[in-house]
Amino acid sequence: MSSLLGQTFFVFSVVFSRIEVTELSKEKTLIKKLLNNYQEIGVMGRPVVSQNDVLNVQYGLSLIQILDLDERNQVLKTNVWATYHWKDIYMSWDPLEYDNITKVRVPMGSIWQPDIKLYNYADERREEKREALLVVSHDGGIQWIPQAIFRSSCAIDIMYFPFDVQTCKMKFGSWTYDGYKIDLDLVYNVSTGFEMTDYIKSNEWEIISSRAKKTVFRYACCDEPFVDLTFHLKIKRQPAFYNYILILPCILLSSLTLVLFWLPPESPAKMQLGMNIFVAFFCIIVIIGRINTTSCLIYTPYRCILLTEVPKCVKTLFVNGFARILCMKGQVSYNSCSTDNSRITNNINMKNREKRFKYDKVGYFETQTEDSWKPMQNGIQNTDDEPCPPIPTSISQTLLSSVEQDVKEIRNHLQRWSDKTEEKEMKERITREWRIVALVLDRLFFCLYLLVIIVSICTAFHRAIVSLFNQQEE
């Protein structure tokens with residue numbers, strides 16, 4: 001009998017223990033009751049007593065990280081935590097009835113949620129936010145903090161790259177409810193804008209300031225006012241990476257390009273060095289292209305040895321003008337050209353006098369009588385006082401013709417030699433003049449290119465210098 005009672009007691013204990021295990025907790029009971037009641041009421045529609053009541057929704061952003069700023073597409077990508085606060089009258093209870101439970105968690109979509117959207121979105125994804133539970137307080141207060149990655153459009157100015165400062169804004173508001181239905185306010189302090197407690201510093205961007213502003217705007221589509229919250233983020237690029245990767249190589253290669261202007265205009269190494277720099281340094285391709293074009297223009301006249309003289313206006317401009325300004329008068333003195341010209345003119349006049357003398361000499365022998373030839377016999381001067389035997393007329397005429405022919409050949413040879421010498425000297429003189437112009441051009445473009453480099457560096461570092469002065473003043 002005792003054994004039977006023991007078995008019965010064991011069975012009842014097992015049954016009652018199972019009933020106690022399957023019994024719902026107060027939290028689950030509360031959540032189930034709240035959600036069942038909400039399903040009967042309906043998720044659609046604002047949780048207010050009257051349709052004319054305005055529902056206040058507080059919204060804020062906690063910036064976690066600046067992921068990327070796409071300059072080409074003008075898109076800012078940020079990692080944020082969005083914070084929502086509002087009150088739902090259908091989600092309240094008495095904590096005393098549920099073991100002093102003051103907060104419960106319910107899934108997204110089970111209750112009404114505000115349709116706050118990013119107005120200036122630039123995203124192809126369908127969802128911006130990650131799933132997160134909603135925290136419900138016993139007085140009906142709802143707190144929702146979903147994680148989100150926003151891609152917002154941002155007008156980017158890269159004039160001072162990589163020392164640029166960008167100001168991006170993110171505009172949020174209800175997409176369908178006007179200001180008479182939903183009023184938006186900021187969760188955090190208006191002066192700070194983004195909440196920065198959990199911010200992870202970026203290696204490329206430094207946050208200068210952030211602020212948020214509430215505005216009421218009337219759109220052309222609707223008569224009702226719409227409330228939006230605009231978050232402004234002012235960021236400055238940290239140029240340390242670009243200084244070593246971009247700016248410093250540009251300055252060094254630009255300085256190397258200055259060597260092109262010191263190489264002789266006739267040297268082929270000038271073109272070769274320019275092309276090597278042109279290939280190695282693509283960032284200043286336009287400037288080096290102009291340098292190579294100029295070098296080609298300078299190199300071509302020198303190698304082709306133009307037969308045309310340098311125009312007088314070019315001589316005046318480069319030799320008397322730019323050469324004086326660039327302190328090159330001692331190197332490319334125009335007097336050397338004038339001396340060469342006078343020397344060539346004197347040589348020509350001397351040769352003309354020699355020609356006239358030779359022609360007179362020949363004319364002198366041609367006009368003499370046969371008696372004057374008697375002291376000469378067979379080309380030998382007779383030193384004796386004895387008279388020479390007479391030379392036959394036919395022989396004298398033959399000798400005279402032979403001498404005349406030799407003199408003419410000598411005269412033609414001297415004429416050809418004189419013409420070649422004059423032509424050679426003229427080419428050398430023209431070549432020297434063009435080389436002088438090329439040297440002045442090289443020095444001129446050297447100064448211009450150096451000026452361009454200095455101006456470019458000052459322009460590039462203008463933003464950094466201004467920021468440095470402002471920091472010193474502060």
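**Exercise 1. Count the salt bridges, then follow three of them.**

*Solution.* Searching the whole structure gives seven salt bridges. A salt bridge is a side-chain nitrogen of Lys or Arg within 4 Å of a carboxyl oxygen of Asp or Glu. The model is predicted: local features need pLDDT of at least 70, side-chain atom pairs count only at pLDDT 80 or more, and totals for chains, interfaces and linings use all residues. Residues are numbered from 1 along each chain as its sequence is written, and side-chain values use heavy atoms, with hydrogens and water left out.

Step 1. Take D123 and R151. Their closest N and O atoms are 3.2 Å apart. D123 sits in the loop between β4 (116-118) and β5 (134-137), and R151 in strand β7 (residues 147-153). The two are 28 residues apart, so this pair links distant parts of the chain. Helices (H or I, at least four residues) and strands (E, at least two) are DSSP runs, numbered from the N terminus.

Step 2. Take D228 and K171. Here the closest N and O atoms are 3.9 Å apart. D228 belongs to strand β11 (residues 226-237) and K171 to strand β8 (residues 165-174), so the pair ties together parts 57 residues apart in sequence.

Step 3. Take K214 and D185. The N to O distance is 3.1 Å. K214 is in strand β10 (residues 205-217), D185 in strand β9 (residues 182-186).

**Exercise 2. Sort the partners: buried or partly exposed?**

*Solution.* Use the cut-offs: buried is under 20% relative accessible area, exposed over 50%, partly exposed in between (1.4 Å probe, protein chains only).

- D123 has 11%: buried.
- R151 has 24%: partly exposed.
- D228 has 1%: buried.
- K171 has 23%: partly exposed.
- K214 has 35%: partly exposed.
- D185 has 22%: partly exposed.
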